[in-house]
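Here is a short report for someone new to this structure. Look at the fold first, then read on.

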Amino acid sequence: MDEQIIENLKLVQRRIDKACEKNNRDSSEVRLLLATKTVEAERIAMALQQGYRLIAENKVQEVKSKYEVLKNIDHEAHFIGHLQSNKIKDLLKCGVSCIQSLDRFDLAEKLNQRLAAMDRKMDVFIQVNTSNEESKFGAHPDDALDLVRKVAALENLQIKGLMTIGLFSAETEKVRQCFKLLKNIQQQVLQENIPGVEMKELSMGMSGDLETAIEEGATIVRVGTAIFGQRIYPDSYYWNEGIK
Ligand SMILES: *Cc1c(COP(=O)(O)O)cnc(C)c1O
């Protein structure tokens with residue numbers, strides 16, 4: 001089982017390197033984020049020992065339950081799931097340095113308030129729903145720029161980029177349109193030159209579509225299944241809670 005993780009990490013890294021090479025990008029421009037939902041802390045630790053250090057969870061409960069094991073291992077923890085405002089307080093206790101899934105202003109305000117009270121700042125990405133599916137979270141593409149402007153005014157949040165979960169489809173060109181849209185929004189934001197907003201990061205691409213995402217400019221690819229194996233829960237459990 002553990003050897004499998006090591007082997008899988010090598011395979012995924014090779015896919016990233018190859019995609020970079022094909023697109024004249026340096027491999028160092030694309031960071032591999034380990035998407036660790038449902039993975040036990042000990043197996044995550046195993047992957048961290050292979051030299052990877054960026055990990056992310058989707059649920060606050062899982063961040064909390066794995067924190068004790070992981071806190072003594074050097075790593076960087078992001079959050080990539082739907083965040084409920086009543087969980088912010090818990091999340092801020094668990095060493096998470098960036099929330100990639102910020103998709104609504106009321107959440108941003110509450111987060112900002114809580115951070116201000118702690119005299120802390122936090123990195124955020126704006127999550128955009130580029131596939132236009134009701135079943136996925138994220139700001140509507142037409143609203144993303146406005147959300148960036150509003151979040152930029154909140155002193156304790158530092159916008160670093162954008163995140164999206166593209167369409168799940170075997171049709172690469174349809175998936176590519178999602179990533180192109182995210183890149184396009186990044187360019188729109190950059191043109192506005194909004195004070196305090198950095199837009200270097202594009203978090204897009206997962207186990208099935210990381211090559212396409214790298215072609216379209218991803219700086220972070222988020223990979224779970226290709227490293228840790230199939231999950232027993234369907235992704236809908238993580239992606240559309242509350243939407244029936
Ligand atoms: C689970 C998850 C991933 C990784 O998906 P895989 O297909 O398992 O690689 C990436 N991003 C988010 C937001 C996720 O929830």
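## Strand β3

Which residues of strand β3 point one way, and which the other way? E76 and H78 share one direction, while A77 and F79 take the other. Buried or exposed? The residues on both sides of β3, which spans residues 76-79, are all buried. In a regular strand, side chains alternate between the two faces of the sheet. The model described here is predicted.

## Neighbours of β3

β3 has a parallel partner in strand β2, residues 54-57, with 4 bridges between them. One of the residues involved is A56, whose bridge partner in β3 is H78. Together, β2, α3 and β3 form a right-handed β-α-β unit.

β3 also pairs with strand β4, residues 96-102. The sense is again parallel, over 3 bridges.

## Cysteines

How many disulfides does the model have? The count comes to 0. A disulfide is a covalent bond between the sulfur atoms of two cysteines. Take C98 as a case. Its closest cysteine sulfur belongs to C94 and is 16 Å away, so the two are too far apart for a bond.

C98 has a relative accessible area of 2%, so C98 is buried. C20 is another buried cysteine, because its relative accessible area is 0%.

Q127 sits in strand β5, residues 122-127. Why does Q127 count as buried? Its relative accessibility is 3%, and the cut-off for buried is under 20%, so Q127 qualifies.

What does Q127 touch, leaving aside its neighbours within four places in sequence? Its contacts include Q100, S101 and L102.

## E109 in helix α5

E109 belongs to helix α5, residues 105-118. At 40% relative accessibility, E109 lies between the 20% and 50% cut-offs, so E109 counts as partly exposed.

How far apart are E109 and S131 in space? Their C-alpha atoms are 26 Å apart, and in sequence the two are separated by 22 residues.

Note on methods:
Residues numbered from 1 in each chain as written. Predicted model: local features only at pLDDT ≥ 70, side-chain atom pairs only at ≥ 80, totals over all residues. Heavy atoms only, no water. Buried < 20%, exposed > 50% of the residue type's maximum accessible area, 1.4 Å probe, protein only. Helix = DSSP H or I, 4+ residues; strand = E, 2+ residues; numbered from the N terminus. Pairing = 2+ DSSP bridges. Right-handed = clockwise from strand over helix to strand, strands pointing away. Contact = heavy atoms within 4.5 Å. Disulfide = S-S within 2.5 Å.
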